[in-house]
Amino acid sequence: MGDTREDGLSRLEYHVLLAMADGPRYGYGVKTAVEEESEGVLTPRAGTLYRVIARLMTRALVEEVAAPPDTPPHPGRERKYYGLTAQGRHALADEARRLRGAAALADERLGAVQGRP
Amino acid sequence: MTRFLLALLRLFPREFRRQFGADMREQIVADHDRARARGFFHGVAFGLGTAVDLVRSAAVERMDPTWVERDTDTNHTGGMGMTTSVWMRDLRHAVRALMRVPGFTAAAVGTLALAIGANAGIFSVVDTVLLEPLPYAHADRLVRIAASAPGSDLPDEFGVSAEFYHQYREESRLLEDVATYNTFTNTLRVDDRTERVWMSSPSVSLFATLGADPILGRLPTDEDDGRAVVISHALWSAWFDRDPGVLGASHYIGGQDRTIVGVMGPDFWFPDDRIMLWIGNPMRTDNVRPGRFGLALIARVAPDTDRESLVRELTVLASRLPERFGGSADYARLIEQHRPVVRSLEDDLIGPVASSLWVLLGAVGVVLLIACGNVANLFVVRAEHRQRDLAVRRALGAGRGELVRAMLAEALVVSAAAGLLAILIARLALPLFLTAAPEGLPGLDRVELTPSAVAFTVGVSVLAALLCGLLPALGASRVDLARLRDGTRGSTSGRHPIRDLLVAGQTALALVLLIGSGLLIRSFTALRTVDPGYDLENLYTFQIAPEGRDDLVDGPSYARFHLGFKERIAALPGVESVGIIENIPLNEGVNTTRFVTERTAADEDGGALLGQTFADGDNFATMGISVLRGRPFRAADHTSEPGNAVVSQEAASLLWPGGEDPLGRRFRLRDQEAMWFTVVGVVEDVLQYGFRDTPQPLVYLPMVGPTPEAWALSSPAYVVRTERTGEIGAEIRAIVNEIAPGAPMYRMYTMEGLAADSMRQLSFTMLTLGVASALALILGAVGLFAVLSYTVAQRTREIGVRMALGAQATQVRRMVVRQGTRVVAAGVIVGLAVALVASRALARLLYGVGALDVGTFVGMSAMMMAVGLFASWLPARKASGVDPIESLRT
């Protein structure tokens, strides 16, 4: 889960960035989004998830941001929100492109039926 | 569980925690709730997975320079240099080292898991039954009040009479409220469903006294005039599908139509959890007849009341009873002798079971200690094997603390694995254990492996790790570096005080448990050989309630019905005989009343206090109760010739002391002047209440009284003698459906089953304590065997030298056996001393044997010594087989 390549993104890192792509999210929101968007394949536990977020922050792909203006106040404590930096947005797009390329290659080799998404 | 996980967050670097701690906490709590909602095992799996993930992530982050640079307290925590990553390394090493010795690991983990599992299981029961408070507000202020009359012929303690209730309730300044109650089975009919269920008819003050409110509807009041009923949550769920519309509906409850006005909460029970409904009874002062004792009374005491002043007040209040309510001279004399008995309600409801459970918790605690002793021993042996390895590590600069840590880490890993296995064992074994438990224990059906029991297990595991690891760890760290120089394999000195101490301690503890279970086994066999006066084998008993038949109106009509029904049952294949009795022994008590003879009738306050029941003639032959003189009832006694009676031997001697022949003599109830009975038979005494009781003097009256209205047996018990006790019930049910459709059939037992139930608390404690002491004996023997085997193996060279110098095989054997028995003997002496004190905890359960029974103490000590001898003999035989040449060559 936590294998990081120097240039690319691990699967979990990719999904964490993806979760923040349409706006900042708070911690548990990231977790549930990752769970949903990976169709239940990735269910990061607390230790793993925040290590990944920490790593993405040191690589300047993710930063702590202000809560979105329409957020209802959370009882008990203020939640921290995390969003993509410009660099993060870039890295996500790169990875998506790479994945598309890899997928197209696979389709080609397996002789996938054309015209189907 | 979450608390443990959240504590693990502390393993992360401080900076990391500052940034993400709150988020992580939120996720752990939310995910744990989700996992718990999916079931117990999901919760446990989540906890374990998350714990591993947190520990691993924390370890990686600690290595990460991002945090280390800023985190100053990581490198130097001082003392033994216990940084988290070092601990992690120790644990990793420990796991690897243990994997290399699977035999050792399996033995250690298995031994501990059994002991910890037993502790978790018993603790779950204790937690639910004893530690959960009673479901009443301020239950510590609730008391039971009974009566006693020292110097009278009444029992040591008996229930009060209705006038006490009124007097206490109106006059006492120390009691806030007072309530009475009773319990019985009666018919409940809702639409087409008719059953006999357990009910209670308490004074309407019961709920206020207990401080309990219904979750639906209201409580009964005096104005309801006994027609309002509150039902239990269990009944509401099972019969009414939790329909709120149940309120206001009328049903046939306990002999007449009554209205359900309230539903109690799921946690409420009183006085036990069999009771399905409570019929509010307005206690009125106008129909009180003083001296009708036997009423159960509870009360709520005002805050800060001490028992002595309460007893004093109640004594004074009771002394004014004759002046307010009247009564006979006998009653007035009894009130003079009267002393109130006040006991806390909690002791009263769960006290009898509590003593057994605490004994069992103590016993499994002892088994855990012994298991720890064994595992510690295994570790000592292992440490000695590794002496050279440890010496090398010390020589290379490892501190003593580091060595202790390494050993402790192994113990911790073993205990953690054992703790996990123990949860599994407890989960599997707990249901089996509960089937053996006595019935009527409040809350027993709610017992399950609770989170606090799991937490308890974790705590016990850590304790076990400390106990198992500390002694050997300290011992092993004291390695002498000289060992490296002399180049021999291990020592030749045979003395190991630590291990001898462990074995002696185990022996002592095992002996305490052995003596305990020995006492219980002797009590059980003594009870089994008691002759109750009736047979237990091949007897099936049941009751039916043939209400709703219009022809059943008085004594004779009920008697005709029962005799006809009896004929039908007797005609079933395999049925030898059928009898009828009002109160089945071991299941129901009998009323006690004063009877007078023609001689004592003149004395207004005279008469003998005797039990009274109703029976037909075949009851005696069917139950196996011998007719000593005269004859049992015959059919005419229940129809054309009323007024005959049968008495038990004890009753006869109380009525006609001095060996007079009771046959043909007349007697009557003291307060029924016109109703005389003539004795036609004398029968053997029976044990009505249980095997520990003394026989009850008993008067058997016929099914029909002198007048048709005198009494009627509406639902007596039938006793059926047959070898087919298993199948006969269904065939009888078919007859009931034919002659009294819809009549509930209930209280179906075999006499053997009732006998087993009456000894259940003893047999349950005996069984579990027996298992615990067997475990203790085996573990103790294994420990001794292992120690001696190891010593012999280590002393092979020395033994070889001795034999080369002419020592005989027998001498060598004797030497080893002597070493073993000396340790065991020391343990036995200590064990005997502890048992002298500890066996008193069992006093309440014992029968026919004293808590300090010499035979049991000597017998069990001898057994312990024999097992010790045997465990020493095996290594001794091996020692005497040492070949001197071989041993010196290697």
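User: Where does B:Asp241 sit?
Analyst: In this predicted model, B:Asp241 is in the loop between helix H9 (233-240) and strand E7 (250-253) of chain B.

User: What's its phi?
Analyst: B:Asp241 has a positive phi of about 55°, although it is not a glycine.

User: And is B:Asp241 buried or exposed?
Analyst: B:Asp241 counts as exposed, because it has 8 C-beta neighbours inside 10 Å and the cut-off for exposed is 12 or fewer.

User: OK, what about B:Asp191, what's the phi there?
Analyst: B:Asp191 has a positive phi of about 55° and is not a glycine. It lies in the loop between strand E3 (183-190) and strand E4 (193-200) of chain B. B:Asp191 is exposed, with 7 other C-beta atoms within 10 Å.

User: Now helices. At what angle do H18 and H27 of chain B pack?
Analyst: About 135°, with the axes 9 Å apart; H18(B) covers residues 497-528 and H27(B) covers residues 854-880. That angle makes H18(B) oblique to H27(B). The crossing of H18(B) past H27(B) is right-handed.

User: Which residues meet there?
Analyst: From H18(B), they include B:Leu511, B:Leu514, B:Ile515 and B:Arg522, and from H27(B), they include B:Phe857, B:Met860, B:Met863 and B:Met864. By class, the residues of this contact split into nine nonpolar, six polar and one charged.

User: Which residues are buried in H12 of chain B?
Analyst: In H12(B), residues 329-337, B:Tyr331, B:Leu334 and B:Ile335 are buried. Looking down the axis of H12(B), the buried residues fall within an arc of 100°, so they line one face of the helix.

User: What do they pack against?
Analyst: The buried residues of H12(B) pack against helix H10 (307-319) and helix H11 (321-325) of chain B.

User: Last topic, the two chains. How many residues does each give to the contact?
Analyst: Chain A gives 13 residues and chain B gives 19 residues. On chain A's side, helix H2 (27-37) and helix H3 (46-58) each supply at least two residues.

User: Which element gives the most on the chain A side?
Analyst: H3(A) does, with seven residues. The side of chain A that touches chain B has four nonpolar, four polar and five charged residues.

How values were computed: Residues numbered from 1 in each chain as written. Chains lettered and ligands numbered in written order. Predicted model: local features only at pLDDT ≥ 70, side-chain atom pairs only at ≥ 80, totals over all residues. Contact = placed C-beta atoms within 7 Å. Helix = DSSP H or I, 4+ residues; strand = E, 2+ residues; numbered from the N terminus. Nonpolar A, V, L, I, M, F, W, Y, C, P; charged D, E, K, R; others polar. Axes fitted to C-alpha atoms, helices over the stretch in contact; angles between N-to-C directions. Parallel < 35°, antiparallel > 145°, perpendicular 65-115°, else oblique. Left-handed = near helix turned anticlockwise from the far one by under 90°. Buried ≥ 20, exposed ≤ 12 C-beta atoms within 10 Å, placed from the backbone. Arc of directions from axis to C-beta.
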